[in-house]
There are 2 protein chains.
Amino acid sequence: MNSVTTPSSNQPSIAQQENGEHNHHHEHHNCCNHHQDVVDVSPTVVEQSIVNGKPILVNYAEKYVKHVDCECCADAGFEGPEKRLEVDFRPKKSDLPAYQEYLSHHNDANSSEEEETANPNYYNLMNISDETWQSMLDLACCRILSKKENEHFSCYVLSESSLFVFRRKIVIKTCGTTTLLGILKRMKEIADSQGLEAELVIYSRKNFVFPHRQPHPHSSFEEELRYLTEEYPGGEGHVVGSVLSDHWYLYICDMQGVDDQIRKDPDQTLEVLMHDLDPEVMKQFMEASRKDRPTGMTIEQQSGIDKLLPGSEIDSFEFDPCGYSMNGLLGKCYWTIHITPEDHCSFVSFETNVKSSKVQYYSELIERVVHTFRPGRFTVTLFADDHWDIRHEDHTLHRTPSTDDHTTLLDKESFQIHNSNLLKTYNAFTNLALGDEYKLKSKTFYEFTGGYNLTFTNFAKIVNN
Amino acid sequence: MNSVTTPSSNQPSIAQQENGEHNHHHEHHNCCNHHQDVVDVSPTVVEQSIVNGKPILVNYAEKYVKHVDCECCADAGFEGPEKRLEVDFRPKKSDLPAYQEYLSHHNDANSSEEEETANPNYYNLMNISDETWQSMLDLACCRILSKKENEHFSCYVLSESSLFVFRRKIVIKTCGTTTLLGILKRMKEIADSQGLEAELVIYSRKNFVFPHRQPHPHSSFEEELRYLTEEYPGGEGHVVGSVLSDHWYLYICDMQGVDDQIRKDPDQTLEVLMHDLDPEVMKQFMEASRKDRPTGMTIEQQSGIDKLLPGSEIDSFEFDPCGYSMNGLLGKCYWTIHITPEDHCSFVSFETNVKSSKVQYYSELIERVVHTFRPGRFTVTLFADDHWDIRHEDHTLHRTPSTDDHTTLLDKESFQIHNSNLLKTYNAFTNLALGDEYKLKSKTFYEFTGGYNLTFTNFAKIVNN
């Protein structure tokens, strides 16, 4: 599989032409679940179809959902901010030989995760068929539009956002009024069929733009927590950032016991969640302006998306009447962008787990993203799983008391910290070179037991009067 | 005024003997506002009375509240965790000469706040009479039991917790089912009578043990925010810590414009909020065990409270049938402890703004507090107002990129930080010498524009099976 940029075709969706069917992303009459009668969503019919010249899976579950017109939907906006679920799996503890091999393998400093090749057809989510994933996605009310894969992971462009499947990890984000948490039970069954069980569950989302339009179980964070703790009890639920402005919800449930601590590669997820984008930039992602694009130029080339992480393979989809989704593959790293371009509810999300030498600093990557999309305000989250436990932090800090009796307690209690892991993520994007364009509004840093930490920041464009 | 420890008398409250009246703190039939008919809370009758040998103010507003017995109150517990409000005041901007004098005074590096003596009878909340404060406290449904003052502040022990009045600052915390936010309008009027207006408003509280028993406007954080933003709009509302375990609510509204930035002394508030305390320690704060106390020994000497911040003047109150409150005065610094000793809902709060050379580190003070009360779990919050703006942080960090191409992005982006203000509060109590007794559960660090920052940590006792 080559690794050059291979953007999607700019032609209208063949599936739409052939089937007279629209893709979900920006069907506005589907925005308000309060006025939707679910008649029957099963059985699901899965058919092979062609979209953007590629064979894809299409199901017709949504045909069983009867849309009822209502006043509030007439000028409704699309819910861009995605619900996001990441689950790390391990061989089931009840499957003792496999579990012990897993532990000893990960505790052997000379072995790499990739080398673990016993049972290649088991303990591996990449063995799961597209049809089976679609049966799970049906429960979230979205469907597969496109697929790409390399040796490290498979990725799917969905009618609402994206799904990434690694050997023992799933990352799925779905926007609009999808019911992401509806997949929990089915996901358990699918993992179970590969001898796997969840080790770490992370659910997160930004505050919704139109929260009253969200269906069960997404009508509130409390409702989501009830659903999550029923399947995966014992986690922590956090509201990150001011509840009166841009904020972010997080549920993290770590099922790894202290005795099960295993060596893993450091892992991190960077998200840039942008609102109020420059209409000139957004225009490129509307059907109406597609005809103005120079012949032979892709939307990625036109918009500058192809320059964000050069050398990536790109799988993208342009929605009618507007909207855009893409998945990028760069070795072990993925990146994904989802665009809601409508002026009254514009939103762009950028996400990546990149940690290669492709970018020199996160700050520089964030700068490129922000300058490509020109948001009015944006939130950056960096969740890092470096397996460094806060309980050990006293070994990394060196207390250097002041000898001046007149200083304050806080002055006395300053520390010298040298490249401490503690501060890795906290400082990862403090030096954003955004000039006088943007202002840092607030910043929060979380440490969780198990070595996870989170940095959350809000930025706003500086308005010159 | 001397500064030696002068604990309260151990005798039963004289007010109770004389008036046949109980103090509020642990009257359990008052716990459930759902079953309370407020008949008429005005007009307030204020009378002079004697409690613990000291003249105090007693009002009878609560006599107008008719208590209705109900089943759920029969074995109800007391709500120990306090609502806390801190307001910093300045001369009103509309009073331009006074406001400009205030600005120039605070921007003159050679002047101290204490020296500002123009208009000694104005712009000073310490001029306000006890009767006027009681008229404000009536709206929170609590009353003054005792008062002490020094040249820097006055402090009041209340029927539910404490009130501190500085020249231009109020700190008030009230526990139980008091209606603290009911005072906002009256507090504005009182400040206005001294030519003052609010410059910074901070409301905070721990999650309630019995949230369903709280009256309007404290039945939820959302309701509290509606009330707060109506009087002081434009602030930030944060939920700090996991909503599924011990957490803390914060509203912060900074009305100081960028152009009004003035030089102020660094200020910080440390709170240690303790649950599930050792019953042997709590027994000391119950009426039944008072008779076992050696003659001549105070409750502070018996419990070790007198050793927490030696040299303080102490004003304390023992409640019937149980409970304890104290205020400590130590020059410019205050400290305050409130104890709910009942086994099924035990809670102790410790708070101080101490920054003198009386304690070497916050960690050592926290250790003393924790070893004095022996909680099963506790939360430490440190809110620091050092007027250091996050917008300037890029001047304090020195990016030192790694030259190793194989390191991760986060490794590359490590920083060397030398005694940065940024980390003052974050590291203020990472080195708690709690041995193998307690485990750090989670840790969060917030930065707010205006130079405020907050560190929040949860600890739990390690249970050895």
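# A tour of salt bridges and a buried strand

Start with A:R290, which is buried at 12% relative accessibility. Buried here means under 20% relative accessible area, exposed means over 50%, and partly exposed lies in between (1.4 Å probe, protein chains only). This is a predicted model, in which local features need pLDDT of at least 70, side-chain atom pairs count only at pLDDT 80 or more, and totals for chains, interfaces and linings use all residues. Residues are numbered from 1 along each chain as its sequence is written, chains are lettered from A and ligands numbered from 1 in the order in which they are written, and side-chain values use heavy atoms, with hydrogens and water left out.

**Stop 1: the partner of A:R290**

A:R290 sits in the loop between α7 (279–282) and α8 (299–303) of chain A, and A:D320 in the loop between β14 (313–318) and β15 (324–330) of chain A, so the pair ties together parts 30 residues apart in sequence. A:D320 is buried, at a relative accessible area of 9%. The salt bridge rule asks for a side-chain nitrogen of Lys or Arg within 4 Å of a carboxyl oxygen of Asp or Glu. Helices (H or I, at least four residues) and strands (E, at least two) are DSSP runs, numbered from the N terminus.

**Stop 2: helix α5 of chain A**

Select A:R186 and A:E189. Their side chains meet in a salt bridge of 2.9 Å, N to O. Both belong to helix α5 (residues 184–192) of chain A, and being three residues apart, they are separated by about one helical turn. A:R186 is partly exposed at 24% relative accessibility. A:E189 is partly exposed too, with a relative accessible area of 47%.

**Stop 3**

Go to A:K169 and A:E86. Their closest N and O atoms are 3.7 Å apart, in a salt bridge. A:K169 is in strand β9 (residues 169–174) of chain A and A:E86 in strand β5 (residues 83–91) of chain A, so the pair ties together parts 83 residues apart in sequence. Both residues are buried. Now widen the selection: a network of salt bridges links A:E82, A:R84, A:E86, A:K169, A:K173, A:D267, A:E271 and A:E351. Over all chains, the salt bridge count comes to 51.

**Stop 3: strand β9 of chain B**

Switch to residues 169–174 of chain B. Six of the six residues of this strand, β9, are buried, so it is largely enclosed by the rest of the structure. B:K169, B:V171 and B:K173 point one way, and B:I170, B:I172 and B:T174 the other.

Show the neighbouring strands next. Strand β5 (residues 83–91) of chain B pairs with β9(B) in the antiparallel sense over six bridges; pairing requires at least two DSSP bridges. Find B:K83 opposite B:T174. Strand β8 (residues 161–166) of chain B also pairs with β9(B) in the antiparallel sense, over four bridges. Here B:S162 stands opposite B:K173. A hairpin joins β8(B) to β9(B) through two residues.

**Stop 4: B:E82**

Finish at B:E82, in the loop between α2 (71–74) and β5 of chain B.
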